[in-house]
Amino acid sequence: MIADSWEKMLKSAEFFHLDKEKFSKLKKFFESLDLTFFRRIASYKFGEFPENEVKSLFPADDQHWLLLLVVVANGENLKELYRRNNFPAWMLELISFDLSIWMRAMEADLGFYGLTWEIFAWQSHCLFGKIKQFGRLQCNEVHLFNVKRSFYRDADGVLQSVAGQSMLPADAAVALNYQEPCINLHIPASGPLLRKDCIAAIKNMVEFYREFYPEYRYRAVVCYSWLLSRQFRELLPPESNIIQFQDLGHNFDIPEIDQDNSIRWRLWDAAAKEKNADELICRTSLQRKVVEFWKGGGHFIEGGLIIFPDELPALFRELD
């Protein structure tokens with residue numbers, strides 16, 4: 001059910017909440033494409049998009065447009081996926097906004113209308129149901145914990161980690177090990193990160209897995225993000241949304257992943273990656289605090305979050 005006419009493409013763009021005037025500027029490019037070729041590449045299976053072929057046939061700017069058109073052409077297929085699996089209609093509605101969120105980010109950060117290969121890969125995950133949205137948060141359909149350490153709670157309930165599973169104490173409570181199944185959270189740039197909204201989304205996820213994937217035995221709810229950098233605890237008050245999100249569970253460091261450039265991108269734009277702290281223009285209090293942190297020799301690293309299943313009921317009671 002690939003959209004293979006401009007009229008169908010416009011209808012699908014509307015489903016994805018794209019700006020009609022901006023999208024319509026791609027009409028000439030779309031009509032220049034060989035439709036047999038376009039139908040073929042837009043009908044790809046997950047993980048099998050002909051990237052090398054596209055890169056050999058199109059210059060970089062045209063690739064950005066083509067990748068966007070491929071995603072938009074699959075609007076009906078996304079609808080059919082949700083219908084076929086009897087997934088709730090509200091989930092389809094939520095995930096249909098994800099493309100427009102990234103389009104705004106592409107324009108603001110990179111100055112062009114289209115998709116990078118990285119964001120095209122993300123949109124493919126959404127199109128094939130590998131990423132789903134449950135309110136304020138998204139999660140993977142299946143995820144194996146990707147931090148190469150083993151985690152456990154000590155007698156006081158404090159999260160501890162060791163280099164590997166063989167090093168876990170014999171009496172370790174509820175361990176989480178590398179490559180074990182989890183519910184992995186993603187944070188779309190869709191508004192304030194309110195604690196109760198996040199808890200409600202996690203509750204929706206747990207109920208969804210219970211109904212649709214009862215065989216999926218996840219060991220924890222996890223997240224990896226620049227927003228989980230524990231260095232923010234030096235800059236922000238406990239009641240801030242970022243710290244409240246970190247406090248949903250056990251916050252830990254992933255020191256092998258640098259987040260300074262990611263924070264430059266997220267709080268400013270892609271061009272900020274090439275600037276030093278003195279060159280960054282601060283328009284918000286958070287930007288000012290981050291810049292002062294850098295000027296003082298500070299350094300952001302990736303943060304992680306673990307919430308064990310037996311800790312979820314207490315979180316969910318906050319919604320009562």
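**Ground rules.** I worked from a predicted model, where local features need pLDDT of at least 70, side-chain atom pairs count only at pLDDT 80 or more, and totals for chains, interfaces and linings use all residues. Residues are numbered from 1 along each chain as its sequence is written, and side-chain values use heavy atoms, with hydrogens and water left out.

**Aromatic pairs.** I began with the rings and found 33 aromatic pairs. My rule was that rings of Phe, Tyr and Trp (its six-membered ring) pair if their centres lie within 6.5 Å; planes under 30 degrees apart are stacked, over 60 edge-to-face, and the rest tilted. Trp 6 and Phe 23 make a stacked pair, with 5.2 Å from centre to centre and 5° between the planes. Trp 6 sits in helix α1 (residues 6–15) and Phe 23 in helix α2 (residues 20–24), so this pair ties together parts that are 17 residues apart in sequence. For helices I took DSSP runs of H or I with at least four residues, and for strands runs of E with at least two, numbered from the N terminus. Both Trp 6 and Phe 23 are buried; buried is under 20% relative accessible area, exposed over 50%, and partly exposed in between (1.4 Å probe, protein chains only).

Next came Tyr 82 and Phe 87, whose ring centres are 5.4 Å apart with planes at 80°, so I logged the pair as edge-to-face. These two residues are buried, and they belong to one aromatic cluster that also includes Trp 90, Phe 134 and Phe 208.

**Charges over rings.** I counted a charge as over a ring if NZ of Lys or CZ of Arg is within 6 Å of the ring centre and within 35 degrees of the ring normal. Lys 79 lies over the face of Phe 15 at 4.7 Å from the ring centre, and Arg 266 over that of Trp 265 at 4.3 Å.

**Cores.** A nonpolar core here is a set of buried Ala, Val, Leu, Ile, Met, Phe, Trp, Tyr and Cys residues joined through side-chain atoms within 4.5 Å. The largest has 98 residues, and Phe 23, Phe 38 and Phe 232 have the most contacts inside it. Helix α11 (residues 195–212) gives the most to this core, with 8 residues. A second, separate core has 13 residues, among them Val 147 and Phe 151.

**Strands.** I let two strands pair if DSSP finds at least two bridges between them. An open sheet of 3 strands runs in the order β5-β4-β6 with antiparallel pairing. Its edge strands, β5 (159–162) and β6 (173–176), each pair on one side only. Phe 151 has Leu 176 in β6 as its bridge partner.

I then turned to β10 (residues 301–307): 7 of its 7 residues are buried, so the strand is largely enclosed by the rest of the structure. It runs antiparallel to β8 (residues 221–225), with 5 bridges joining them, and antiparallel to β9 (residues 250–258), with 6 bridges.

**Positive phi.** His 17 has phi near 65°; it is in the loop between α1 and α2 and is partly exposed, at 29% relative accessible area. Gln 179 has phi near 75°; it is in the loop between β6 and β7 (181–186) and is partly exposed, at 39%.
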